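Please read these notes with the model open beside you.

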Amino acid sequence: MSQVALPLICALDLTDSDHAVTLANQLSGSVGAVKLGHEFFTNNGPDGVRAVAAVVPIFLDLKFHDIPNTVAAAVRAVVPLRPVMLTVHACGGLKMMQAACAAADQAASALDIQPPLILAVTVLTSLSVADLGRLGIGKEPIDWAVGLADVARQAGCDGVVCSPHEVARLRQVCGDDFTLVTPGIRPVGGDDDDQKRTATPRQAISAGADYIVVGRPITQAADPVAVAAGIAAELSAHPVL
């Protein structure tokens with residue numbers, strides 16, 4: 001069972017740990033977790049994660065992608081930080097994802113804590129069909145995402161990160177017990193920024209997402225708390241089961 005009780009996750013793509021802690025505390029009533037990624041972790045390291053985790057559950061989005069042994073070691077290193085979610089890249093392959101899942105379970109068992117959900121990142125929301133073609137992937141994003149999600153499920157991952165454009169198909173293919181987390185969420189009238197496959201919060205949840213990730217529309221707003229509360233209210237008719 002997930003430790004994230006609310007469907008809204010805020011991406012705190014910040015460099016200042018004190019600012020992140022303050023904002024996490026302010027948002028805690030509206031979000032189920034906050035996402036900390038490369039920008040935050042590179043600047044603040046494990047101590048920064050611990051500081052934010054003392055306030056709100058953490059989705060640690062480090063997208064591990066390397067040989068199985070290296071990824072397993074990285075997972076073991078961050079499980080003591082007690083993230084509720086942790087990402088690896090599905091493109092790392094079956095054995096890498098299996099190693100990540102096993103390492104998470106082993107490390108959590110040694111600490112007598114609940115392991116994080118291991119989520120495999122499928123196709124980044126910033127990538128278009130043309131972008132995939134330049135990488136030698138002659139598929140539509142949705143077909144590539146389905147293939148990656150299938151391998152992730154075989155590997156024992158708890159779910160995947162996918163764009164809202166793929167979520168309905170993945171829910172149909174992967175079933176109800178597979179966690180789907182969707183970034184690239186933009187409130188009605190919001191700027192897409194560098195995202196190319198976006199949807200509104202209600203569209204994503206209605207399509208089958210368990211959790212949505214919203215970053216800049218909240219963190220760069222004049223009143224981040226009001227924006228987060230508004231999104232949470234919009235989603236209140238779609239509780240996470």
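1. Pro83 is buried, because its relative accessible area is 2%, where buried means under 20% relative accessible area, exposed over 50% and partly exposed in between, with a 1.4 Å probe and protein chains only. This proline lies in the loop between H3 and strand E4 (85-89); helices (H or I, at least four residues) and strands (E, at least two) are DSSP runs, numbered from the N terminus. Leaving aside neighbours within four places in sequence, Pro83 is in contact with Ile58, Leu60, Val78 and Pro116, contact meaning heavy atoms within 4.5 Å. Pro83 and Pro116 are 33 residues apart in sequence, yet their C-alpha atoms are 5.8 Å apart in space.

2. A word on the basis of these values: this is a predicted model, in which local features need pLDDT of at least 70 and side-chain atom pairs count only at pLDDT 80 or more, while totals for chains, interfaces and linings use all residues. Residues are numbered from 1 along each chain as its sequence is written, and side-chain values use heavy atoms, with hydrogens and water left out.

3. Two packed helices are described by the angle between their axes and the distance between the axes. The axes of helix H3 (residues 68-78) and helix H4 (residues 94-111) come within 8 Å and cross at roughly 30°; axes here are lines fitted to C-alpha atoms, for helices over the stretch in contact, and angles run from 0 to 180 degrees between N-to-C directions. H3 and H4 are therefore roughly parallel to each other, given that angles under 35 degrees count as roughly parallel, over 145 as roughly antiparallel, 65 to 115 as roughly perpendicular and the rest as oblique. On the H3 side the contact is made by Pro68, Val71, Ala72, Val75 and Arg76, and on the H4 side by Lys95, Met96, Ala99, Ala100, Ala103, Ala104, Gln106 and Ala107.

4. H4 also packs with helix H6 (residues 141-155), at an angle of about 45° and with the axes 8 Å apart, which makes H4 oblique to H6. Leu94, Met97, Gln98 and Cys101 of H4 meet Val151, Ala152, Gln154 and Ala155 of H6 in this contact.

5. The largest nonpolar core has 68 residues, and those with the most contacts inside it are Leu12 and Ile212; such a core is a set of buried Ala, Val, Leu, Ile, Met, Phe, Trp, Tyr and Cys residues joined through side-chain atoms within 4.5 Å. H4 gives the most to this core, with nine residues. Not counting residues up to four places away in sequence, Ile212 touches several residues, among them Pro7, Leu8, Ile185, Ala204 and Leu235.

6. Most residues other than glycine have a negative phi, and two positions deserve a look on that account. Phi of Lys63 is near 45°, a positive value, and this lysine is found in strand E3 (residues 58-64), where it counts as partly exposed because its relative accessibility is 23%. Phi of Asp112 is near 60°, likewise a positive value in a residue other than glycine; Asp112 is found in the loop between H4 and strand E5 (117-121) and is exposed, with a relative accessible area of 72%.
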